[in-house]
Amino acid sequence: MIREIYEYELNDLLNLYLYLHEDSIPKITEHLKSIWQTIINDNHHHIIVNEIDGKIISSCVCVVIPNLTRHIRPYAFIENVVTHADYRGKGYATECLNYAKKIAEKENCYKMMLFTGSKEENILKFYSKAGYNNSDKTAFIQWIK
């Protein structure tokens, strides 16, 4: 079942992120709780999950960003696309991305952007098949320590 995350599912999401690039689950501090509340209460921030038998097995984040160009239309940014290793290759992440696209369409976004740090051919093909291209824009990233 595809849906947006419930507030009480933070621990489930943090466990899923171990299959993204995290090597441990952060401690539930007041700072983490505050960030979680900010995310949950932000109408522009959508954490989409795919659930099977009560277990979150795939997720992505869709943030709708207000914009003053393109006829004052917002754009959507997709991040943290992840599927539990035991469930990969079955279309669950694609379902999350399709749900994100519905949100973007509903919000009248003029584009969706997604960055990946992966150079793996199968991951790049996955995003291409999901409708994203890597030829329209050039991305630059500056990491802040």
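Tyr87 counts as partly exposed at 21% relative accessibility, whereas Tyr92, at 19%, counts as buried; here buried means under 20% relative accessible area, exposed means over 50%, and partly exposed lies in between (1.4 Å probe, protein chains only). The model is predicted, so local features need pLDDT of at least 70 and side-chain atom pairs count only at pLDDT 80 or more, while totals for chains, interfaces and linings use all residues. Residues are numbered from 1 along each chain as its sequence is written, and side-chain values use heavy atoms, with hydrogens and water left out.

**Aromatic rings**

- Five aromatic pairs are counted under the rule that rings of Phe, Tyr and Trp (its six-membered ring) pair if their centres lie within 6.5 Å, with planes under 30 degrees apart called stacked, over 60 edge-to-face and the rest tilted.
- One of these pairs joins Tyr6 and Tyr8, which are stacked with 5.6 Å from centre to centre and 15° between the planes; Tyr6 is partly exposed at 40% relative accessibility, whereas Tyr8 is exposed, with a relative accessible area of 67%.
- The pair of Tyr87 and Tyr92 is edge-to-face, because the ring centres are 6.2 Å apart and the planes stand at 70°.
- The ring of Tyr75 has the charged end of Lys111 over it, 5.5 Å from the ring centre; a charge is taken to sit over a ring if NZ of Lys or CZ of Arg is within 6 Å of the ring centre and within 35 degrees of the ring normal.

**The sheet**

- Five strands form an open sheet in the order 1-2-3-4-5 with mixed pairing, where two strands pair if DSSP finds at least two bridges between them, and where helices (H or I, at least four residues) and strands (E, at least two) are DSSP runs numbered from the N terminus.
- Strand 1 (2–4) and strand 5 (112–114) are the edge strands, each pairing on one side only, and the twist averages 30° from one strand to the next, with axes taken as lines fitted to C-alpha atoms (for helices over the stretch in contact) and angles running from 0 to 180 degrees between N-to-C directions.
- Strand 2 (residues 45–52) and strand 3 (residues 55–65) run antiparallel and are joined by eight bridges; across this pairing, Ile47 stands opposite Val61, and His46 has Cys62 as its bridge partner.
- Strand 3 also runs antiparallel to strand 4, to which seven bridges join it, and the bridge partner of Val63 in strand 4 is Phe77.
- Strand 3 is mostly covered, with eight of its 11 residues buried.

**The nonpolar core**

- The largest nonpolar core has 17 residues, and those with the most contacts inside it are Ile48, Cys60, Cys62, Ile78, Val81, Leu97 and Leu114; such a core is a set of buried Ala, Val, Leu, Ile, Met, Phe, Trp, Tyr and Cys residues joined through side-chain atoms within 4.5 Å.
- Strand 3, strand 4 (75–83) and helix 3 (92–106) are the elements that give two or more residues to this core, and helix 3 provides the largest share, with six residues.

**Positive phi in the loops**

- Most residues other than glycine have a negative phi.
- Asp53, although not a glycine, has a positive phi of about 50°; this residue belongs to the hairpin of strand 2 and strand 3, which has two residues between the strands, and Asp53 counts as exposed at 82% relative accessibility.
- Ile72 likewise takes a positive phi, near 60°, and lies in the loop between strand 3 and strand 4, where Ile72 is exposed with a relative accessible area of 57%.

**Asn15 in helix 1**

- Asn15 lies in helix 1 (residues 10–16) and is partly exposed, with a relative accessible area of 36%.
- A polar atom of the Asn15 side chain lies 2.9 Å from the backbone oxygen of Asn11.
- Between Asn15 and Ile5 there are 14 Å in space, C-alpha to C-alpha, and the two are 10 residues apart in sequence.

Notes
Polar contact = N/O pair within 3.5 Å; in protein donor to acceptor, adjacent residues only side chain to side chain.
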